[in-house]
Amino acid sequence: MVNRLVWQNLLHRPIRTLLSVTAVAVEITLILTVVGLSHGMLEESARRTRGVGADIIVRPSTSQAAMGLSSAELNEKLQDKLASMPRVEMATGTTVYLLTSNFQTITGVDLAGFSRMCGGLKYVAGGPFEQPFDAIIDEVWAKEKNVTVGQNMQIWNRNFRIVGIVEPGKLSRVFIPIATMQDLMGWRGKLSQIYLKLRNPDDTATIIGELKQLLPGYYIYSMAEFTSLISINSYPALGTFIRVVIGLAVTIGFLVVMLSMYTAILERTREIGILKSLGASRLYIVGIVIRETLVLTLLGIGAGIALSHGAKGVIQQYFPILTVSLHREWWLWAGLIAVGGGMLGALYPAARAARQDPIAALAYE
Amino acid sequence: MPHIIEVADLTKVYRMGRVSVPALRGINLAVEPGEFLAVVGPSGSGKSTLFYVIGGLTSPTSGRACIDGQDLSQMSDAERTRLRKRTIGFVFQKFNLLPTLTAAENIGIARDIAGNRNFDRVHFDEILRLLGIGDRLSHKPFALSGGEQQRVAIARALANSPKILLADEPTGNLDTQNSQTVLQMLKDLNRRLGQTILMITHNPGAGTFCAHRTVHMRDGRIVEP
Ligand SMILES: Nc1ncnc2c1ncn2[C@@H]1O[C@H](COP(=O)(O)OP(=O)(O)O)[C@@H](O)[C@H]1O
Ligand SMILES: [Mg+2]
């Protein structure tokens with residue numbers, strides 16, 4: 001019977017109900033999209049790193065954990081030295097430049113070596129480099145920038161000719177010849193990192209041990225270790241950004257729910273008086289307000305989850321380079337956060353309703 | 001027989017900021033079970049306030065108000081709330097049905113609030129028959145006439161078999177015809193089912209028609225007519 005009253009109350013003011021539900025839905029969408037985008041981009045980056053097919057990654061002592069590099073501090077000779085180790089099948093070095101505009105990288109590769117390690121780039125159009133100022137891009141980049149083979153692209157204010165488009169999933173979205181990049185960046189004879197493939201992947205731990213002896217101070221990771229570092233924890237600023245967005249989203253939800261329930265209570269002075277005259281306790285009145293808020297937030301959460309899938313679709317349609325992943329566990333978290341904010345918003349209106357003097361509402365007819 | 005209502009030296013002062021409004025200035029009143037008492041008096045004489053105190057909606061400022069042997073002046077807010085559930089039924093001039101619920105749901109919510117599990121279906125059906133609203137129960141208040149709304153309100157007030165029915169000008173918003181019907185029904189409830197009723201009315205004729213006894217109020221006191 002109370003549920004019926006709660007439901008009727010919500011239907012009685014459809015616009016207010018709709019607005020509150022929408023606010024919670026926006027809150028949920030904001031949370032899910034920002035978290036989904038951050039996780040999605042990092043997961044995608046880790047997936048592409050695994051696509052290299054290496055077992056071990058060697059980075060210079062100056063590099064920060066998993067951050068993008070934009071520097072080349074390893075001597076090229078190290079690559080040959082590592083390649084000649086008995087249980088190492090091959091080694092290939094790359095140079096990396098991080099584009100601050102979209103957190104993608106331009107990667108300088110020795111195409112032959114890199115292709116062998118990753119099992120071959122799969123060309124959907126065009127083919128390998130022929131000239132120093134040739135570039136290979138992946139399908140996602142091609143779609144995002146709406147470019148195709150034969151067109152030029154600008155990198156560091158230089159014209160590069162797009163000669164090949166490859167399937168995504170192999171380290172980077174943009175490749176140029178490593179020698180060209182070393183020249184342009186003043187990194188002659190230097191590498192950003194070196195990937196090692198072992199004859200037997202089971203040797204990974206042993207070889208990492210040996211390398212650490214050999215190259216003290218260098219960062220030497222197994223692929224599993226390295227990709228696990230590609231997470232929010234490695235990017236404190238990103239973590240802060242996410243928390244700020246969640247905070248703002250919850251504040252919006254909280255304020256709208258609070259205002260909505262507050263006006264609902266004010267306009268129902270008489271109804272609350274009637275319920276009290278029938279013997280409704282404070283708890284009973286609080287229960288009604290809480291249930292009403294709960295229904296609002298649950299509807300908003302449902303709508304928000306649907307909306308975030310819509311947002312994901314739109315983002316990936318218009319910005320193919322962005323990856324949004326909506327994990328179910330985050331539905332739960334975002335839902336709990338929204339319910340928490342909603343309940344907090346219901347607190348004051350509920351307390352006010354419970355404290356209301358019944359005769360003030362009934363006496364002056 | 002012991003009195004179901006015993007009021008002695010009862011006062012009630014409303015405080016609104018610095019202003020104090022003395023609404024009741026020493027009321028003495030006793031009502032027996034099964035009695036039908038009419039209260040008449042000019043507007044502002046404290047009739048409604050007396051009902052709110054007896055009905056436990058507000059606490060008395062001083063004096064005693066015993067309902068069914070329990071002294072309201074000694075009760076906490078929560079205890080008075082509990083008393084309202086089962087012992088008191090209110091009927092108001094403006095019907096005061098919950099507008100978003102049907103007639104049946106309005107009655108149902110009263111039972112829900114009281115947590116009334118051993119509800120006497122047969123007895124309540126008799127009340128509904130007496131009130132003649134059996135076929136109007138699925139309607140919302142706006143679809144009911146004033147007379148029907150007031151009869152639903154009476155049914156709701158009686159849903160938990162209260163010992164006392166307090167009716168504050170129940171016919172104040174009704175035309176003559178509907179007033180007569182409602183008064184007749186209250187009289188029937190009292191005479192046939194033994195319901196104790198206190199009724200405020202501005203119409204002395206209504207008092208003589210259905211009440212056993214009429215008391216007059218003026219300036220917060222019970223006075224001789
Ligand atoms: N909630 C209230 N706050 C302050 N004063 C009130 C309140 N209710 C009634 N009064 C005052 O108490 C007096 C008695 O009112 P009331 O009991 O409503 O009389 P009646 O029902 O006989 O018209 C009046 O002067 C009225 O203004
Ligand atoms: Mg009055």
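Is Leu171(A) buried or exposed? In this predicted model, Leu171(A) is buried, with a relative accessible area of 11%. Leu171(A) belongs to the loop of chain A that runs between strand 8 (158-166) and strand 9 (174-177). The backbone of Leu171(A) has a positive phi of about 65 degrees, although the residue is not a glycine. Most residues other than glycine have a negative phi.

A second residue with this feature is found in chain B. Asp219(B), also a residue other than glycine, has a phi near 50 degrees, which is a positive value. Asp219(B) is placed in the loop between strand 9 (213-218) and strand 10 (221-223) of chain B. Whereas Leu171(A) is buried, Asp219(B) counts as partly exposed, at 49% relative accessibility.

A further loop of chain A, between helix 7 (204-214) and strand 12 (219-222), contains Gly217(A). Gly217(A) is exposed, with a relative accessible area of 54%. Along the chain, Gly217(A) and Arg59(A) are 158 residues apart, and their C-alpha atoms are separated by 9.7 Å.

The ligand site was examined next. Ligand 1 lies between chains A and B. The ligand is surrounded by 13 residues, of which the closest are Gly44(B), Gly46(B), Lys47(B), Ser48(B) and Thr49(B). By class, this shell consists of 6 nonpolar, 6 polar and 1 charged residues. Helix 1 of chain B gives the largest share of the shell, with 3 residues.

Several contacts involve oxygen atoms of the ligand. A polar side-chain atom of Thr49(B) is found 2.4 Å from an oxygen atom of ligand 1. For Gly44(B), a backbone N or O atom lies 2.7 Å from an oxygen atom of the ligand. For Ser45(B), a polar backbone atom is 3.2 Å from an oxygen atom of ligand 1. Taken alone, ligand 1 exposes 550 Å², and the protein buries 79% of that area. The elements that contribute two or more residues to the shell around ligand 1 are strand 1 (5-16), strand 2 (19-31) and helix 1 (47-54), which belong to chain B.

Charged side chains were then considered. Side chains of opposite charge can pair when their charged atoms come close. Over all chains, a search of the whole structure finds 21 salt bridges. In chain A, Glu44(A), Arg47(A), Arg48(A), Asp138(A) and Arg173(A) are linked in a network of salt bridges. Chain A also has a salt bridge in which the side chains of Asp183(A) and Arg188(A) meet, with an N to O distance of 2.9 Å. Within this pair, Asp183(A) is partly exposed, with a relative accessible area of 44%, while Arg188(A) counts as exposed at 64% relative accessibility.

In chain B, a salt bridge joins Asp77(B) to Arg80(B), and the closest N and O atoms are 2.7 Å apart. Both residues lie in helix 2 (residues 77-86) of chain B, where Asp77(B) and Arg80(B) are 3 residues apart, about one turn of the helix. Asp77(B) is partly exposed, with a relative accessible area of 42%. Arg80(B), by contrast, is buried, with a relative accessible area of 6%.

Helix 6 (residues 176-193) of chain B holds both Asp188(B) and Arg192(B), which are 4 residues apart, about one turn of the helix. Asp188(B) and Arg192(B) form a salt bridge, with 3.7 Å between the closest N and O atoms. In this pair Asp188(B) counts as buried, at 18% relative accessibility, and Arg192(B) is exposed, with a relative accessible area of 60%.

Finally, a nonpolar patch is present on the surface. Trp7(A), Leu11(A) and Leu299(A) form this patch, with about 290 Å² of accessible area together. Leu299(A) lies in helix 11 (residues 282-318) of chain A.

Notes:
Residues numbered from 1 in each chain as written. Chains lettered and ligands numbered in written order. Predicted model: local features only at pLDDT ≥ 70, side-chain atom pairs only at ≥ 80, totals over all residues. Heavy atoms only, no water. Patch = residues over 30% accessible without salt bridge, like charges linked within 9 Å, V, L, I, M, F, W, Y side chains within 5 Å. Areas by Shrake-Rupley, 256 points an atom, 1.4 Å probe, with all protein chains shown as cover. Salt bridge = Lys/Arg side-chain N within 4 Å of Asp/Glu carboxyl O. Near = heavy atom within 4 Å. Polar contact = N/O pair within 3.5 Å; in protein donor to acceptor, adjacent residues only side chain to side chain. Nonpolar A, V, L, I, M, F, W, Y, C, P; charged D, E, K, R; others polar. Buried < 20%, exposed > 50% of the residue type's maximum accessible area, 1.4 Å probe, protein only.
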